[in-house]
Amino acid sequence: MRRFGALLAALLLAGGLTACGGEAEMQSAQVFAMDTVMILTASGGETEAALKAAEDELYRLDRELSRTRESSAVSRLNSAPEGAAEVGEELRDLIARALDFSDATGGAFDITLAPVSSAWGFTEDAYRVPAREELEELMAHVGAEHVHLGDGTAVSLDPGTQIDLGAIAKGYASDVVAAICRENGVAHSTVSLGGNVWVCGGNPEGKPWQIGIQDPARPEEADAYVGILRMSDGFAVTSGGYQRYFEEDGKLYHHIIDPATGYPAESGLTSVTVVSEGTEGSGTMCDALSTALFVMGEERALDFWRSGTFDFEAILVTEDGRLLVTAGLEDSFTPDETAGYAYEVVS
Amino acid sequence: MRMKWSPELHPNGWDALAAAVVVVLALVSGALLYTGGPGGGDLTAVVSVDGGETDRVDLAALTGSEERVYESRGYTLRVTFTESSAQVTASDCPTQDCVHTGAITRSGQSIVCLPARLIVELEGTGDTDGPDVVIG
């Protein structure tokens, strides 16, 4: 009988061992929102409840923050009589943060480029090169100084000014999803919101997640990376001109507009990835800064990183074939040598 | 202090057999954990629309290339599957990003057609050297 007991215990132990993989099995969800596909995977804690709540929040944020939905809070502000509206606490706080990023980056990040972006056709996928005079007229209404935070949840815009949160909304959404996962005790997660990534807990095998950084020179190849970033907990956001562009008369025009000129930024960079620890609010910061650093160009971007204004690391890809990684990522980033970039660690 | 064997705990042939079973189970469990379970190496293409799975193709079971047609949100996509790959070969969507993605060949890779809200994703344990997430 004892022998039978020992055998049964061994069987249960073996069964338990093989079931470990099942416990760590990742559940996933797909969400089509904010003009992109979002892939969420998670395990541990109340995974199912976390994924459902995250889905609901992503759809809600899409409804509230979209500039192309007439009923969104952003659209209500853009079309408000006298340019003033009560936008609610969430949107008011997000606009306030956006204005702070504009200030900190010397205007390289700007949410008031909406009419300019529309003139280029990037909002409606109706691409065109606007006339210089048209751009000059629109640029008169661009700049953080045209957005005013009022009492309570009131925000007002100067005549002719409109906002677009496209360069910060997905980052904010990643912060919201991260908070939901934490509240539900999720142990392992990857959240990919169209160029915005949040990971937590490392993978179920106890190793850091591996994040491939797309090679901007080969955007149409599914497995063409400039390198692999290993990270257990944190945010990473990439901005690049290759993500959306059109060609006219042999010249390429991409969607990241330089607030100083109204034209697609020609900064010498083809891709910028901003990386930060997984602290609350960092997803929003990474999203805003990836755009800002792309506009700034190599020298200004690295000076900004060195200034320590914000706590982040960066991966820059230059037009002349260099791959620049800030010192804090030296041990967690492995360049893909087959991509052909000259690799430099910047300090 | 000297230990004394209890007569009831003297090992015999049955104990040796039980110990052998334990060792064998441990080895099998370890092997399953290491390889990720039975069926390792096979790829399955999962096609989903609006987040819901609509088709599943066992690539290892294919003897040649096979084209399947999917319709979603007014768009028609032709997807070609082989023993080791999946590729959107034609689509009437406006962006053509799905067609430009080319063939995917590794577990975890996916092709996304945003206008059709369709995703073709490879699942399996064949080649898991690729990253967990891709940004860009």
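Colleague: Is B:Cys93 buried or exposed?

Modeller: B:Cys93 is buried, at a relative accessible area of 3% in this predicted model. Buried means under 20% relative accessible area, exposed over 50%, partly exposed in between (1.4 Å probe, protein chains only).

Colleague: How many disulfides over all chains?

Modeller: The search of the whole structure finds 0.

Colleague: New topic. Which residues touch the most other members in the largest nonpolar core?

Modeller: A:Leu40, A:Ile95, A:Ile163, A:Leu165, A:Leu293 and A:Phe312, out of 71 residues. Such a core is a set of buried Ala, Val, Leu, Ile, Met, Phe, Trp, Tyr and Cys residues joined through side-chain atoms within 4.5 Å.

Colleague: What else is there apart from that core?

Modeller: Another core, of 22 residues, including B:Leu59 and B:Cys98.

Colleague: How does chain A score on pLDDT?

Modeller: Chain A averages 91, and 93% of the residues score at least 70. pLDDT is the predictor's confidence in each residue, from 0 to 100.

Colleague: Where does pLDDT stay under 50?

Modeller: Over residues 1-23 of chain A.

Colleague: What are the ground rules?

Modeller: Residues are numbered from 1 along each chain as its sequence is written, and chains are lettered from A and ligands numbered from 1 in the order written. In this predicted model local features need pLDDT of at least 70, side-chain atom pairs count only at pLDDT 80 or more, and totals for chains, interfaces and linings use all residues, while side-chain values use heavy atoms, leaving out hydrogens and water.

Technical notes
Contact means heavy atoms within 4.5 Å. A disulfide is a pair of cysteine sulfur atoms within 2.5 Å.
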